[in-house]
Amino acid sequence: MKRMSGSPWVLHYDGSSCNGCDIEVLACLTPLYDAERFGVVSTGDPRQADILLITGAVNSQSMPVVKRLYEQMPDPKAVVAVGICACNGGIFRDCYNIIGGADKAVPVDVYVPGCAARPESILDGILKGAAVLEEKRARMEEKRCARTRRSRMPTRDRSAARRGI
C-alpha cells in the first residue's frame, strides 16, 4: 500500500439498515481487526471527517441528512458505501419507503458489497477510499498550483494563454 499523507478520519452514518453492517463496522475498530493500525480514526464530527462511511439504504427521511453530512465535510472527501443495502438498496429496495443506495443521495467512490459486509472487506474499502482521497488531494493541489502560476503571469501573457498562443 502506498504511504498516505495523513490518517483518514471516518464518519459512520447508518441510513436505514438491519444493523448487521453497523456491527461489522464497529468490529473493525476493535483490537481484533484494529483499523487504527492503518491510521483510521473514527469521528462523530463531519467537519473533521475525510471519509463518509454509509451503511443501509437511503429513504426519504435519511436522504437530507446524508446530503447535509456530505456538504458539511471539507474537500476533498470520499464516500464508502458498505453493504448491499448501501450499494443498491439490497433486500429492502422494493419497499415503499426506500429510494435506493447511497448513490441516490451523494456521489459514492467505493462500494463494499456484502450482507453483512465482512470487517476485512470494510477495512479494504476504507483503505481504497483513502487512496481515492489522496488522488483528489493531488488533483486539488495541481489546480491550485495552476491558478497560482496563471496569476503570476504578466497580463499580456495571460491573454495569449487564453487564445492558445
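Reader: Okay, which side chain meets D50 in a salt bridge?

Author: That's R137, with N and O 3.5 Å apart. Keep in mind that this is a predicted model.

Reader: How many salt bridges does the count come to?

Author: Seven salt bridges. One of them joins R118 and E24, whose closest N and O atoms are 3.7 Å apart.

Reader: Which parts of the chain does that one link?

Author: Distant ones again: R118 is in the loop between β7 and α4, E24 is in helix α1, and 94 residues separate them. R118 is partly exposed, with a relative accessible area of 43%. E24, on the other hand, is buried at 17%.

Reader: What else does R118 meet in a salt bridge?

Author: R118 also meets E120, at 3.9 Å from N to O. E120 is partly exposed, with a relative accessible area of 43%.

Reader: New topic. How many helices and strands are there?

Author: Five helices and seven strands. Starting at the N terminus, the elements go β-α-β-β-β-α-β-α-β-β-α-α.

Reader: What's the strand order in the sheet?

Author: The order is β2-β1-β3-β5-β7, which makes an open sheet of five strands with parallel pairing. At the edges you'll find β2 (41–43) and β7 (110–112), each pairing on one side only. From one strand to the next, the twist averages 30°.

Reader: How many bridges do β1 and β2 pair over?

Author: Three bridges, in the parallel sense, with β1 covering residues 9–14. If you want a spot to look at, W9 stands opposite V41 in β2.

Reader: Which strands does helix α1 touch?

Author: Helix α1 (residues 20–28) packs on the sheet and touches β1, β3 (51–55) and β5 (78–82). Its direction makes about 140° with that of β3.

Reader: And which ones does α2 touch?

Author: Helix α2, residues 63–72, packs on the sheet too, touching β1, β3 and β5. The direction of α2 makes about 170° with that of β1.

Reader: What about rings, how many aromatic pairs does the search find?

Author: Zero, and that search covers the whole structure.

Reader: Zooming out, how much of the protein counts as buried?

Author: 44% of its 165 residues.

Reader: And what share of the contacts join residues at least 24 apart?

Author: 81%, taken among contacts between residues at least 6 apart in sequence.

Note on methods:
Residues numbered from 1 in each chain as written. Predicted model: local features only at pLDDT ≥ 70, side-chain atom pairs only at ≥ 80, totals over all residues. Heavy atoms only, no water. Pairing = 2+ DSSP bridges. Helix = DSSP H or I, 4+ residues; strand = E, 2+ residues; numbered from the N terminus. Axes fitted to C-alpha atoms, helices over the stretch in contact; angles between N-to-C directions. Contact = heavy atoms within 4.5 Å. Phe/Tyr/Trp six-rings, centres within 6.5 Å; stacked < 30°, edge-to-face > 60°. Salt bridge = Lys/Arg side-chain N within 4 Å of Asp/Glu carboxyl O. Buried < 20%, exposed > 50% of the residue type's maximum accessible area, 1.4 Å probe, protein only.
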